[in-house]
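Good morning, colleagues. Please keep the sequence and the structure in view while I speak.

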Amino acid sequence: MLLLMPDVTNADDLMRRIAKGDKAALADLFSAEAGRLIGIALRILRRRDLAEEAVQETFIAAWRRASQFDPARGSAQGWLTTITRNRALNMLRDGSRMEYHDGEVLADLGDRSAEAMAAFEALADRDALKHCLGQLDEPKRRAILLCYVTGLNHGEAAATMNAPLGTLKAWIRRGTIALQECLS
């Protein structure tokens with residue numbers, strides 16, 4: 001099965017056109033990226049309606065702030081991913097649209113560690129991120145995946161890993177530094 005990688009340069013070009021007020025470029029960018037971004041938001045929010053709302057807010061922000069996009073600082077896909085992730089996490093923190101469950105229901109939702117590891121395993125073997133994550137020791141990799149893939153905050157990830165909060169933060173910091181070095 002052939003997996004096609006998204007065209008990063010195309011997304012960057014579309015962002016440049018959006019900064020000039022090109023509405024068709026916004027529609028093209030939405031067509032190219034919305035599905036991927038909904039998947040990211042859905043992993044964090046676990047509700048399709050909220051995930052779609054987060055992505056809609058992402059594209060509104062992209063339209064309004066397209067001139068702030070700087071390809072020298074990263075790709076358009078990375079910029080959109082960051083906006084989506086931050087919107088989804090803000091929606092979680094806000095909590096007014098979230099449903100609250102008792103302890104039994106929460107236990108039934110399961111451990112997010114399995115979801116984080118499944119996302120890691122789903123990366124293509126030739127993917128540089130998978131290679132670099134694979135070089136990290138297990139606690140650092142798991143901490144990073146719990147926070148950045150499943151959207152847990154540091155406290156929730158520490159509780160999931162049964163580790164002190166300071167230790168978890170150190171794992172994430174050291175792991176992200178190692179990832180930056182590996183990916184550069």
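How many residues has the largest nonpolar core, and which of them have the most contacts inside it? Before I answer, a word on conventions. This is a predicted model, in which local features need a pLDDT of at least 70 and side-chain atom pairs count only at pLDDT 80 or more, while totals for chains, interfaces and linings use all residues. Residues are numbered from 1 along each chain as its sequence is written, and side-chain values use heavy atoms, with hydrogens and water left out.

The largest nonpolar core has 28 residues, and Met 15, Leu 29, Ala 41, Leu 45, Val 55 and Trp 79 have the most contacts inside it. By nonpolar core I mean a set of buried Ala, Val, Leu, Ile, Met, Phe, Trp, Tyr and Cys residues joined through side-chain atoms within 4.5 Å; buried is under 20% relative accessible area, exposed over 50%, and partly exposed in between, with a 1.4 Å probe and protein chains only. Two or more residues each come from helices H1 (8–19), H2 (23–45), H3 (48–65) and H4 (76–94). Helices here are DSSP runs of H or I, at least four residues long, numbered from the N terminus. H2 gives the most to this core, eight residues. Apart from this core lies another, of 21 residues, including Leu 133, Ile 144, Val 149 and Trp 171.

Let us turn to helix H10. Its buried residues are Leu 168, Trp 171, Ile 172, Gly 175 and Leu 179. The face turned away from the buried side carries the exposed residues Gly 166, Arg 173, Arg 174, Gln 180 and Glu 181.

The sulfur atoms of Cys 132 and Cys 182 are 2.0 Å apart. This pair links distant parts of the chain, with Cys 132 in H7 (128–135) and Cys 182 in H10 (165–183), 50 residues apart. Cys 132 counts as buried because its relative accessibility is 4%, whereas Cys 182, at 27%, counts as partly exposed.

Finally, confidence. The protein averages a pLDDT, the predictor's confidence in each residue from 0 to 100, of 82. Helix H5 (103–109) has the lowest mean, 47, and H3 the highest, 91.

Note on methods:
A disulfide is a pair of cysteine sulfur atoms within 2.5 Å.
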